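Please read them with the structure open.

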Amino acid sequence: MSTYGISAYPDVPAIEAKIAGLTGTPIRTLTPEQLASYHEWYEKNTPGSKQGAAEAEAYIPGGVQHNLALNDPWPLSITRAEGAYLYDVDDNRYIDFLQAGGPTVLGSNNPVVREAVLELLGHCGPVTGMLHPAETALAKLIHDFMPAVHKFRMLGSGTEAVMAAIRAARAHTGKQNIIKVGGAYHGWSDQVVFGLRIPGSGPLEAAGIPAPAYSGTSETAPGDLGALRARLTANAENGGTAAVLLEPVGPESGTHPAPLDFNAAVRELCDEFGALLVFDEVVTGFRLGMGGAQGYYGVTPDLTVFGKCVAGGYPAAGGVGGREEVMGAFTGGLTAAGQRALTGGTLSANPLSCTAGYHTLLEMDRLDAPAKAGAAGDRLRAGLDGLIAKYALPYVTYNFGSIVHLHTSGVLHLRLDDPEFFDKLGPRLKMLGHMSMAFAAEGVVTLAGSRIYTSMADTDEVIDDAVAAFDRVFAQIPAA
């Protein structure tokens with residue numbers, strides 16, 4: 001049986017103090033001359049990507065379909081993914097710390113999983129619209145790893161899973177209000193595009209969404225149990241709270257880190273106020289360990305939201321699981337009018353995704369992948385800490401096992417009550433793009449230059465190469 005990948009829990013108060021220092025000082029970033037040098041590298045080494053980006057611009061809004069894609073000076077056209085590496089159309093190799101947004105703990109394109117999928121495709125189409133044995137096998141395996149998931153309903157994405165979880169919570173409790181911890185991303189459905197990324201931002205990013213769509217949604221500050229109690233109390237006078245929705249390690253995969261005892265305290269508050277506790281484990285599910293964050297923290301949610309992790313990075317993957325009496329709201333059939341929370345999806349639980357997920361989870365458990373990925377994260381974080389000290393930079397790094405954070409601009413920790421918020425936002429956001437571009441030019445692909453997902457494919461040699469790449473960037477930052 002595999003173990004958990006967090007060897008030591010981050011010192012949250014110390015991290016918050018460092019981040020406050022980061023956002024309170026001028027940004028330390030690359031000079032225009034250094035950026036120009038990196039642009040020259042892209043011109044020389046990625047002509048195929050540049051050509052592909054120009055063509056994409058003509059047919060795709062903004063020239064890219066993926067919110068996580070590097071796009072400065074242009075998107076890299078990746079044509080091969082294998083283990084710890086990505087390769088672009090020009091045959092440049094990059095250490096892959098994006099890992100498809102987190103689900104590929106084994107590393108990209110694992111051969112055991114690939115062979116299982118190819119075998120399936122030899123005798124079955126990727127979609128049939130009928131029951132396939134892999135659906136049941138995957139649901140049972142998830143239950144075995146996470147006993148709180150009595151029943152599991154597979155869907156097409158994490159966004160759909162959040163929608164379904166909220167719908168089931170409202171159907172089960174008869175209440176309408178939901179509370180999320182501010183700064184978290186829970187997909188892009190209308191009701192949760194509220195308080196995204198920066199706590200307290202409310203509907204700042206809700207363009208195109210009618211206000212009534214998120215009128216039942218509220219947010220509380222990360223780690224603030226007093227604020228959560230106050231909101232639950234206020235909601236109790238206005239129909240009650242159906243669910244509290246949170247990421248167990250903190251919003252944005254721990255960008256705003258949660259104290260170790262936070263989840264247990266939220267569980268108690270939910271019980272006190274009759275609200276369901278919903279864990280968003282789109283990233284943490286199986287990455288922290290096969291028992292997910294709920295197993296690591298020892299806290300049992302009523303519902304768990306899953307994303308691409310349930311198919312190991314293969315497409316059309318997500319789902320929701322939890323207590324049988326709550327999950328009963330999803331019972332299928334055409335004669336359940338008025339008696340169920342409607343969900344659907346032609347591609348949901350397709351044979352390809354279920355087969356990939358089943359074999360991915362088996363292989364992760366067999367190889368103790370979460371612990372190995374977590375050890376790689378520890379080594380990388382230690383290396384980054386050393387570089388930050390070496391160059392006397394105000395940057396902040398910490399990790400939840402294989403989820404490694406590197407704050408260089410602190411943009412997501414700006415406060416909206418700061419009168420200079422919008423003056424600071426642009427330059428700090430631009431800095432993230434510049435750092436991401438520089439890291440990639442040095443051979444490392446990250447998530448927006450600030451988040452890193454390690455995998456068990458990241459050997460000591462891979463991590464040491466990555467630290468050397470970060471060193472080449474940090475060495476160029478002008479002294480304060």
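1. This is a predicted model. The buried residues of helix 14 are covered by several elements, including helix 1 (12–23), helix 2, strand 3 (93–96), strand 12, strand 13 (444–445) and helix 15 (460–474). Among the residues of helix 14 that are buried are Phe421, Arg428, Met431, Leu432 and His434. The stretch Met435, Ser436, Met437, Ala438, Phe439, Ala440 and Ala441 is buried too.

2. Helix 14 covers residues 421–441, 21 residues in number. At 1.5 Å a residue they should span 30 Å, and the end C-alpha atoms are 30 Å apart, so the two values agree. Gly443 follows helix 14 and has a positive phi, near 100°.

3. Strand 12, part of that cover, also belongs to an open sheet of 3 strands, with the order 11-12-14 and antiparallel pairing. Strand 11 (396–400) and strand 14 (451–453) stand at the edges with a single partner strand each, so one side of each has no neighbour in the sheet. On average, neighbouring strands here are turned by 15° against each other, direction ignored.

4. Strand 12 (residues 403–407) is joined to strand 14 by 3 bridges, and the two run antiparallel. Ile403 stands opposite Tyr453 of strand 14. Helix 13 (residues 369–390) packs on this sheet and touches strand 11, strand 12 and strand 14. The direction of helix 13 makes about 170° with that of strand 11.

5. Is Thr46 buried or exposed? Thr46 lies in the loop between helix 2 (32–45) and helix 3 (47–59). Its relative accessibility is 0%, so Thr46 counts as buried. Beyond its neighbours within four places in sequence, Thr46 is in contact with Trp41, Trp74, Leu76, Asp88, Asp90, Asn92 and Tyr94.

Note on methods. Residues are numbered from 1 along each chain as its sequence is written. This is a predicted model: local features need pLDDT of at least 70, side-chain atom pairs count only at pLDDT 80 or more; totals for chains, interfaces and linings use all residues. Side-chain values use heavy atoms; hydrogens and water are left out. Two strands pair if DSSP finds at least two bridges between them. Helices (H or I, at least four residues) and strands (E, at least two) are DSSP runs, numbered from the N terminus. Axes are lines fitted to C-alpha atoms, for helices over the stretch in contact, and angles run from 0 to 180 degrees between N-to-C directions. Contact means heavy atoms within 4.5 Å. Buried means under 20% relative accessible area, exposed over 50%, partly exposed in between (1.4 Å probe, protein chains only). The expected span of a helix is 1.5 Å times one less than its number of residues.
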